[in-house]
Amino acid sequence: MINSYWAGAECWLDPGPPRMFAPPGIETFVAVAGSGNVPPNPFRRGPSAVIVVNETPYLIDAGEGIWRSLINVATAHDGFLSSALVPKRMSRLFLTHLHSDHTAGLPSLMLFPWTHGKTDPLEVHGPIGTERLLAGLQEAYHADLHERLYGPEVKNPTGWKTVAHEILEPGLVYEDDNIKVEAFHHQHGSFVQNFGFRFTTHDRVIVWSGDGQVSDSFIEAARDADLFFCELHTVDTLPNAAWGGDTIEEKNRIIWSYHMKPAELAELASKANVKKLVLIHECGYIEPYNHEGLLQELKQFYDGEVISSRDADVF
Amino acid sequence: MSKNKQEILPSFWAGDEVQVDPGPPRLFAQRDDKTFAVVLGSGAVAPNPYRNGPAGAVVVNKQPYLIDAGEGVWRGLAKAGFEHGGLLADSLDPTKFTKLFLTHLHSDHTVGLAALIFLPWPYGRSEPLTIYGPIGTKRLVESITEGYHADIDERLHGPEGEAKTRSGWKTIVHEIAEQGQVYEDENVKVEAFHHPHGSFKQNFTYRFSSQDKTIVWSGDGQVSDAFFEASKNADVLFCELTTVDHLSNAIWGGSSFEQKQKIIWSYHMKPKELAQFALDANVKKVVLIHECNYSVPYENEALLEELKRDYSGDAYSSRDADVF
C-alpha cells in the first residue's frame with residue numbers, strides 16, 4: 001500500500017462486507033446504497049439510498065455509481081430485495097440538495113433502467129432547480145435517446161422521461177398507500193434549500209438528513225424516528241481535510257457552514273429521541289485511517305445506538 | 001473490491017456476471033515504461049458492481065489522457081491510482097484530469113461525465129477539462145453544465161468559493177468533424193477512426209502513439225477498413241467483443257433469437273471477426289473491454305476462450321484497474 005494519496009487512505013481500505021440490521025418482522029427496509037460522499041472511494045459509492053416497503057423502492061439521492069450500488073443492494077443478503085429493485089420500479093426519487101456528489105448519478109438513473117425495460121418516467125422530488133437539472137440532462141443525452149429510439153435497437157418510447165416535482169416549501173411532499181414523505185430544510189452552505197426527509201410507513205419512521213447543520217426544526221423533524229441517517233464531519237481531524245481552505249481558521253470557517261459536528265449530532269439525536277442513529281456521508285480524516293474513527297469521535301458525546309454505515313447495509 | 005458473497009442468485013434480472021468478482025487487477029507493463037494504458041472501467045451497460053462503465057486512460061510521462069466516461073469513472077481513477085503499489089498515483093492526480101476523448105455518445109460511455117467535470121474541481125483542478133468527441137459532444141457538455149449550474153453557483157459563490165479554483169469546473173469541447181489526427185502534444189499523437197455502431201454517424205476508435213507504445217482503444221462497433229487502419233501494428237488493442245455462443249442469453253436486442261442476431265450484430269463485433277482482424281492488423285496484444293459475455297453459469301473468461309479458438313496471439317479479458 002502507498003503512504004499518502006491525494007484522495008485519502010479511506011479510498012483503499014475496505015470497510016468490510018455489508019450487514020443486515022433489520023429486525024425480524026419489520027416490513028420497511030432502508031438500504032444505504034452509497035455510503036460515501038465526494039472522495040473517489042471505490043468502497044463507498046456516492047450518496048444514495050433506497051427505502052423498500054411493499055416491494056416498492058423509494059430512492060434518496062443519486063450519487064456516483066447509483067446504478068451499480070442499487071444492484072449491489074439487490075444481490076446482497078441472499079437477494080431478499082432483488083424483486084423490489086428491478087428496473088421498472090426504479091421510478092421515484094427524492095433529492096436532498098443539488099450538490100454534484102448527490103446528483104452525479106442522475107444520468108444513470110434516467111437512462112439505464114429504461115434500457116432494461118422501464119416504461120414509466122422517473123419522478124423526481126427535489127429543491128427548486130431540479131427541473132432545470134433534469135431538463136439539462138434530457139437535452140444532454142439527446143444523442144443517446146435518439147440512437148436507442150430510432151436506431152436498430154428501438155427501445156420503448158417513454159421510459160427515459162423524467163418529471164420534476166419541485167418542493168416549494170417544507171412539509172408534505174408525497175403520499176401513497178405505502179409511505180408519507182415530508183421535507184424539512186436545514187442550512188448547508190449558501191443553498192436556499194437543503195432538505196432532510198421524514199418517511200413514515202405503517203411500521204417505521206425514517207429520517208434521512210440533507211448535508212448540513214443542526215437547527216430546532218431539525219430536532220422536530222427527527223423526533224422519535226426509528227432510524228435517523230445523518231451526515232457528520234470530524235472536529236478532531238479537521239486539519240487533515242483536503243478541502244475548505246489552507247489554514248485551520250479557514251477550514252473552521254468554511255467547513256462548519258456546511259456540516260455538523262459530533263457534539264451537535266449527539267445533542268440533536270438525543271433531543272429528538274431517535275431509536276437508532278446511522279452515519280452516512282462521513283467526513284473523517286484520522287491517520288492512520290480507520291473506518292470507525294469518526295464513529296469513535298461521536299461516541300465521546302453520544303451513548304445511544306449508532307452505526308457507521310457501509311454500502312449495501314440494510315436497516 | 002470484494003464482497004462477502006453467498007451463492008449466486010439464480011435468475012437475477014441483471015444476470016450472473018453482476019454477482020461474480022473477476023479477481024484483483026493486474027500489472028502487465030514494466031514499472032519503468034513511459035506509457036501505460038489503464039482500464040478504468042471494464043464493464044458496459046450492465047449494473048456490475050465489479051466493473052465500472054467503459055472508461056480508460058493512456059498515461060504518458062505521467063500525464064493521463066482519458067477515454068470515455070462510464071459510470072464510476074471518478075472512483076475508477078482513484079482505484080487505478082493506488083493499485084500496483086501506487087505506480088500511477090501521481091499520474092492519476094485530479095489536477096491532471098484535463099484531457100478526455102469520447103468514442104461515441106451512447107450513455108454507458110458518457111453518464112460519468114458530470115463526475116469528471118465537477119468532482120476533480122474540489123480537489124484542486126484549476127484548468128478546464130478539454131473534451132474531444134463526435135459531433136453532439138458540445139450539446140452534451142453544455143447541457144450538463146447548464147443542468148448542474150446550482151452546484152457550480154453554490155461552490156463558486158457560497159462559503160466554499162474563496163477556497164476554490166475559479167476554472168476547475170469548466171470545459172472546452174472540440175467536436176471531431178472527420179477522422180484523422182485530432183490532438184498532438186510532446187507526449188502523444190491521437191488519431192480518430194470511425195467504424196459503424198448502430199445508427200451513429202460517428203463512433204471513434206482512438207490511436208495513441210507515444211515514443212514507446214502505440215495504444216488503440218476501440219469504440220463499440222463493427223470491423224471496418226478504418227478500424228483496420230487504426231489498429232495496424234498496435235502494441236495493445238483494447239476492443240469490445242460480444243459472444244456468439246451465448247447470444248441467446250442477451251437481455252436486449254429483441255425477444256426472438258432472430259431479432260437478437262439482427263439487432264445485436266448491427267452494434268457489435270464477433271469473436272471470429274476480431275480474431276481475423278487482430279491477425280491481419282498485426283496487433284501485438286488484444287485486451288477485451290466492454291464484454292458482452294452472457295455465459296450461464298457466468299465464467300468471466302468465457303468470451304476470451306471464444307476468441308482464443310481462432311486467435312493464438314496474446315489476449316486478455318480485462319478487469320478494472322488492469323494496467324498494460
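Two strands pair if DSSP finds at least two bridges between them, and strands (E, at least two residues) and helices (H or I, at least four residues) are DSSP runs numbered from the N terminus. The views below show a predicted model, in which local features need pLDDT of at least 70, side-chain atom pairs count only at pLDDT 80 or more, and totals for chains, interfaces and linings use all residues. Residues are numbered from 1 along each chain as its sequence is written, while chains are lettered from A and ligands numbered from 1 in the order in which they are written.

**View 1. Strand 10 of chain B and its two partner strands.** Three bridges join strand 10 (residues 214-217) to strand 11 (residues 236-242) of chain B in the parallel sense, and B:Ile215 has B:Val236 as its bridge partner there. On strand 9 (residues 204-209) of chain B, strand 10 is joined antiparallel through four bridges, with B:Ser209 standing opposite B:Thr214; these two strands form a hairpin with four residues between them.

**View 2. The crossover through helix 5 of chain B.** Strand 10, helix 5 (residues 225-231) and strand 11 of chain B make a right-handed β-α-β unit, meaning that, with the strands pointing away from the viewer, the path from the first strand over the helix to the second runs clockwise.

View 3. Strand 1 (residues 35-41) of chain B runs antiparallel to strand 2 and is joined to it by six bridges, B:Val39 being paired with B:Gly56. Five bridges link strand 2 to strand 3 (residues 63-67) of chain B, also in the antiparallel sense, and B:Ala57 has B:Leu66 as its bridge partner. In the hairpin of strands 2 and 3 of chain B, which has two residues between the strands, B:Asn61 takes a positive phi near 50°.

**View 4. The surroundings of B:Val38.** Leaving aside neighbours within four places in sequence, B:Val38 is in contact with B:Gly56, B:Ala57, B:Val59, B:Ala80, B:Leu88 and B:Val323, where contact requires C-beta atoms, placed from the backbone, to lie within 7 Å.

Key
Buried ≥ 20, exposed ≤ 12 C-beta atoms within 10 Å, placed from the backbone. Contact = placed C-beta atoms within 7 Å.
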